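Q: I'd like to learn how to read the features of a structure one by one. Can you take me through some?

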Amino acid sequence: MDNLQKFLNKYIAPVANWMNNNLFFSSLAEAFMRITPITLGGAFVLLIGNFPIPAWTDFLNKIGWAAHFTAAQNATMNVLAMFVVFLFAYVYAKKCDYDPLPSGLLAISSFLILAPQDYMAKLAGTSDKLAPTTAFSTNYLGASGMVVAILVGWLVGALYVWLNKKKHSCKITSFCTT
């Protein structure tokens with residue numbers, strides 16, 4: 001056991017310390033810590049709604065509650081990337097001592113711009129006619145969009161901080177002359 005502790009202190013601790021002091025990794029870690037309650041709550045609701053006993057799921061379908069459990073899943077687990085992109089940019093700007101809310105809102109807007117929005121849907125009253133429609137799907141707003149969410153949150157947060165630093169270092173106070 002002593003050898004394991006020596007190994008961890010010699011090789012793993014310096015890496016962990018560097019990551020803790022790095023703005024990117026510490027912001028990312030805090031963003032994920034902040035979504036932990038949402039993840040745990042969503043997992044709990046998901047477990048209740050999909051408990052592996054057929055009688056239970058049949059009962060939920062019969063009383064009409066299955067749709068509510070699916071809605072709760074869509075509002076928590078299937079949009080985790082949206083929470084991460086917002087919180088990553090928010091925490092990044094906050095750690096740099098800038099107003100974090102605009103950074104988070106810009107990040108979530110940027111992420112939604114990148115999400116696919118054009119789909120083909122069946123026309124009402126037809127069986128084979130498709131028409132283009134615009135909608136947000138949860139396909140890329142959950143775990144499958146997590147890498148893009150991390151990158152967008154980081155880039156928007158860093159760009160927000162950089163532009164604010166440029167603004168505060170600028171000597172021009174006004175472009176207007178009166």
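A: Leaving out residues up to four places away in sequence, Ser103 touches Ala89, Tyr90, Ala93, Val156, Gly157 and Tyr160. A word on the ground rules: this is a predicted model, where local features need pLDDT of at least 70 and side-chain atom pairs count only at pLDDT 80 or more, while totals for chains, interfaces and linings use all residues. Residues are numbered from 1 along each chain as its sequence is written, and side-chain values use heavy atoms, with hydrogens and water left out.

Q: Where does Ser103 lie, and is Ser103 buried or exposed?
A: Helices are DSSP runs (H or I, at least four residues), numbered from the N terminus. Ser103 lies in helix α7, residues 100-114. For burial, under 20% relative accessible area is buried, over 50% is exposed, and in between is partly exposed (1.4 Å probe, protein chains only). Ser103 comes out at 0%, so it counts as buried.

Q: Which backbone oxygen lies 3.0 Å from a polar atom of the side chain of Ser103?
A: That of Ala89.

Q: Which residues in α1 and α2 meet?
A: From α1 come Trp18, Met19, Asn20 and Asn21, and they meet Leu23, Phe25 and Ser26 in α2. By type, the residues of this contact are 4 nonpolar, 3 polar and no charged. Nonpolar here takes in Ala, Val, Leu, Ile, Met, Phe, Trp, Tyr, Cys and Pro; charged is Asp, Glu, Lys and Arg; the others, Gly among them, are polar.

Q: How many aromatic pairs are found in the whole structure?
A: General idea first: a pair of aromatic rings is described by the distance of the centres and the angle of the planes. Rings of Phe, Tyr and Trp (its six-membered ring) pair if their centres lie within 6.5 Å; planes under 30 degrees apart are stacked, over 60 edge-to-face, and the rest tilted. A search of the whole structure gives 7 aromatic pairs. One of them is Phe7 with Tyr11, a tilted pair at 5.1 Å centre to centre and 45 degrees between the planes. Phe7 and Tyr11 are 4 residues apart in helix α1, so about one helical turn separates them. Phe7 is partly exposed at 42% relative accessible area, and Tyr11 is partly exposed at 47%.

Q: Which parts does the pair of Phe24 and Trp154 tie together?
A: The Phe24 and Trp154 rings are edge-to-face, at 5.3 Å centre to centre with 80 degrees between the planes. Phe24 lies in helix α2 and Trp154 in helix α8 (residues 146-169), so the pair ties together parts 130 residues apart in sequence. Trp154 is partly exposed, at 33% relative accessibility. Ring pairs also link Trp18, Phe24, Phe25, Phe88 and Trp154 into a cluster.

Q: What about Asp97 and its phi?
A: Most residues other than glycine have a negative phi. Asp97, not a glycine, has a positive phi of about 65 degrees. Asp97 is found in the loop between α6 (80-95) and α7, and at 71% relative accessibility it is exposed.

Methods:
Helix = DSSP H or I, 4+ residues; strand = E, 2+ residues; numbered from the N terminus. Polar contact = N/O pair within 3.5 Å; in protein donor to acceptor, adjacent residues only side chain to side chain. Contact = heavy atoms within 4.5 Å.
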